[in-house]
Amino acid sequence: QVQLVESGGGLVQPGGSLRLSCTASGFTLADATIGWFRQAPGKEREGVSCLSSADDNTYFNAHVKAMGRFTMSRDNAKNTVYLQMNSLKPEDTAIYYCAAVGEAVSGCLRAHEYDYWGRGTQVTVSS
């Protein structure tokens, strides 16, 4: 049984940082496409960033303005993917989800491309 578990969320002040983790069991993340998504209250789920297995590049949703603030990385030994978030803003407040699929996809920021999802971790940016 595949399971993705997110951790690392919490309450942080504007300008602060958090590192989210996504650890998999029953599934190897090393060759997978992994995405981070978020959903704020009253809003639709949106892609934040993704790490493509096709080219091992990281992609960002321009609407989220994550480039330059967020970084994805992968620790294959721990079967874990990270989302380092710096310079956090109140509008980053949301539940953050990781998702995985065992192949390259055409658009890794699209939620429907993924087979497996975690339950999410809450990130709240507030003073």
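Which residue forms a disulfide with Cys22? Select Cys22 and Cys98: the two form a disulfide (a pair of cysteine sulfur atoms within 2.5 Å), with their sulfur atoms 2.0 Å apart.

This is a predicted model, in which local features need pLDDT of at least 70 and side-chain atom pairs count only at pLDDT 80 or more, while totals for chains, interfaces and linings use all residues. Residues are numbered from 1 along each chain as its sequence is written, and side-chain values use heavy atoms, leaving out hydrogens and water.

Stay on the first pair. The torsion about the S-S bond of Cys22 and Cys98 is about 60°, so this disulfide is right-handed. Cys22 lies in strand S3 (residues 18-25) and Cys98 in strand S9 (residues 94-101), so the pair ties together parts 76 residues apart in sequence. Strands here are DSSP runs (E, at least two residues), numbered from the N terminus. Both Cys22 and Cys98 are buried, meaning under 20% relative accessible area with a 1.4 Å probe, protein chains only.

Next, select Cys50 and Cys108, a disulfide with sulfur atoms 1.9 Å apart. Cys50 is in strand S5 (residues 46-51) and Cys108 in the loop between S9 and strand S10 (116-117), 58 residues apart. The torsion about the S-S bond of Cys50 and Cys108 is about 50°, so the disulfide is right-handed. Cys50 and Cys108 are both buried.

The structure holds two disulfides. With the bonded cysteines of the protein chain numbered in sequence order, the pairing is 1-3, 2-4.

Methods. Helices (H or I, at least four residues) and strands (E, at least two) are DSSP runs, numbered from the N terminus. Buried means under 20% relative accessible area, exposed over 50%, partly exposed in between (1.4 Å probe, protein chains only).
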